[in-house]
Amino acid sequence: MLKGIIFDFDGVVVDSNQAKSDAFYSLYVKYGEDIAKKVINHHERNEGISRFEKIKLYHKKFLKKDISSEELSQLLNKFANIVYKKVCESEFVPGIKEILPELRKKYRLFISTGTPTFEINNILINKNINDYFSRVYGSPEKKEEHIKKIISEFNYTPNELIFIGDSMADYKAAEEYDISFILRLHNKNIKLFSDFNVLSVNNFKLPNKAIEKIL
């Protein structure tokens, strides 16, 4: 019996993936268009991984240098300043705002995101949906750690949870704990998941068989 639903945030609750891509572009375009394109390509194929990990990786892989703690902190602050306003201004994924109160009546709802915890909490408050979620988990912890905490704190078994996500990080985290997965399909991940046989939705409007299944 389903008892809890775990939502990724960007691309699942809010159509804000482009805001993250734009922010990474802003950080790396000073190193040249080629570097910026490589960064965006990797980021969009690996959404759900924290910006902490990505910036360190991009410096090492594309700029061929280790980033100092001071520079990392500066870039993270710059990234956060760019992203926060854009994400708050992003539109909700169609149907999600209407379905959250209905789901909240029957299940515990959770957020598992690569966005820093303090930032995602502020965003949820700004979007006026923070009260729908029993717990909110962000980076620097990984999504696998989020699931482990949910299972432990609420004494769930894997078949009592569903993870709704849009990234490979979401899919792999759910797979590791043998949790059912629903893919929110959009134009940025359709190629990435083209060879995967997963239940998917484009939006949360009814009628929708996948959503009706959990309602």
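In this predicted model, Asp-178 is exposed, with a relative accessible area of 63%. Asp-178 belongs to the loop that runs between helix 8 (168-176) and strand 5 (180-184), and its phi is positive, at about 60 degrees, although the residue is not a glycine. A positive phi is also found at Asn-155, another residue other than glycine, where the value is near 55 degrees. Asn-155 sits in the loop between helix 7 and strand 4 (161-165), and because its relative accessibility is 67%, above the 50% that marks an exposed residue, Asn-155 counts as exposed. A further backbone feature is the cis peptide bond between Ser-139 and Pro-140, for which omega is about 15 degrees. Pro-140 lies in the loop that links strand 3 (135-139) to helix 7 (143-154).

The loop between strand 1 and helix 1 was examined next, through two of its aspartates. Asp-8 is found in this loop, and since its relative accessibility is 4%, which falls under the 20% limit, Asp-8 counts as buried. Leaving out residues up to four places away in sequence, Asp-8 touches Val-13, Ile-111, Ser-112, Thr-113, Lys-143, Phe-163, Ile-164, Gly-165, Asp-166 and Asp-170. With one of these residues, Lys-143, the side chain of Asp-8 forms a polar contact of 3.1 Å.

Asp-10 is likewise located in the loop between strand 1 (4-7) and helix 1 (17-28), and with a relative accessibility of 8% Asp-10 counts as buried. When neighbours within four places in sequence are set aside, the residues in contact with Asp-10 are Ser-16, Asn-17, Lys-20, Val-87, Thr-113, Thr-115 and Asp-166. Two polar contacts between side chains involve Asp-10: one of 2.3 Å joins Asp-10 to Ser-16, and one of 2.5 Å joins Asp-10 to Lys-20. The C-alpha atom of Asp-10 is separated by 24 Å from that of Ile-35, a residue 25 places apart from Asp-10 along the chain.

The packing of helices was then considered, with helix 4 as the point of reference. Two packed helices are described by the angle between their axes and the distance between the axes. For helix 3 (residues 51-62) and helix 4 (residues 69-89), the axes come within 11 Å and cross at roughly 125 degrees. The crossing of helix 3 with helix 4 is right-handed. On the side of helix 3, the residues that meet helix 4 are Arg-51, Phe-52, Ile-55, Lys-56 and His-59, while helix 4 contributes Glu-71, Leu-72, Leu-75, Leu-76, Phe-79, Ala-80 and Val-83. Sorted by class, the contact of helix 3 with helix 4 comprises eight nonpolar, one polar and three charged residues.

Helix 4 also packs with helix 6 (residues 117-126), the two axes coming within 10 Å and crossing at roughly 25 degrees. Because angles under 35 degrees count as roughly parallel, helix 4 and helix 6 are described as roughly parallel to each other. The crossing in which helix 4 passes helix 6 is right-handed. This contact is made by Ala-80, Val-83, Tyr-84, Val-87 and Cys-88 of helix 4, together with Glu-119, Asn-122, Ile-123 and Asn-126 of helix 6. The residues of the contact between helix 4 and helix 6 divide into six nonpolar, two polar and one charged.

Key:
Residues are numbered from 1 along each chain as its sequence is written. This is a predicted model: local features need pLDDT of at least 70, side-chain atom pairs count only at pLDDT 80 or more; totals for chains, interfaces and linings use all residues. Side-chain values use heavy atoms; hydrogens and water are left out. Axes are lines fitted to C-alpha atoms, for helices over the stretch in contact, and angles run from 0 to 180 degrees between N-to-C directions. Helices (H or I, at least four residues) and strands (E, at least two) are DSSP runs, numbered from the N terminus. A crossing is left-handed if the near helix is turned anticlockwise from the far one by less than a right angle, and right-handed if clockwise. Contact means heavy atoms within 4.5 Å. Ala, Val, Leu, Ile, Met, Phe, Trp, Tyr, Cys and Pro count as nonpolar, Asp, Glu, Lys and Arg as charged, and the others, Gly among them, as polar. Buried means under 20% relative accessible area, exposed over 50%, partly exposed in between (1.4 Å probe, protein chains only). A polar contact is a pair of N or O atoms within 3.5 Å; within protein, one must be able to donate a hydrogen and the other to accept it, and residues adjacent in sequence count only if both atoms are side-chain atoms. Angles under 35 degrees count as roughly parallel, over 145 as roughly antiparallel, 65 to 115 as roughly perpendicular and the rest as oblique.
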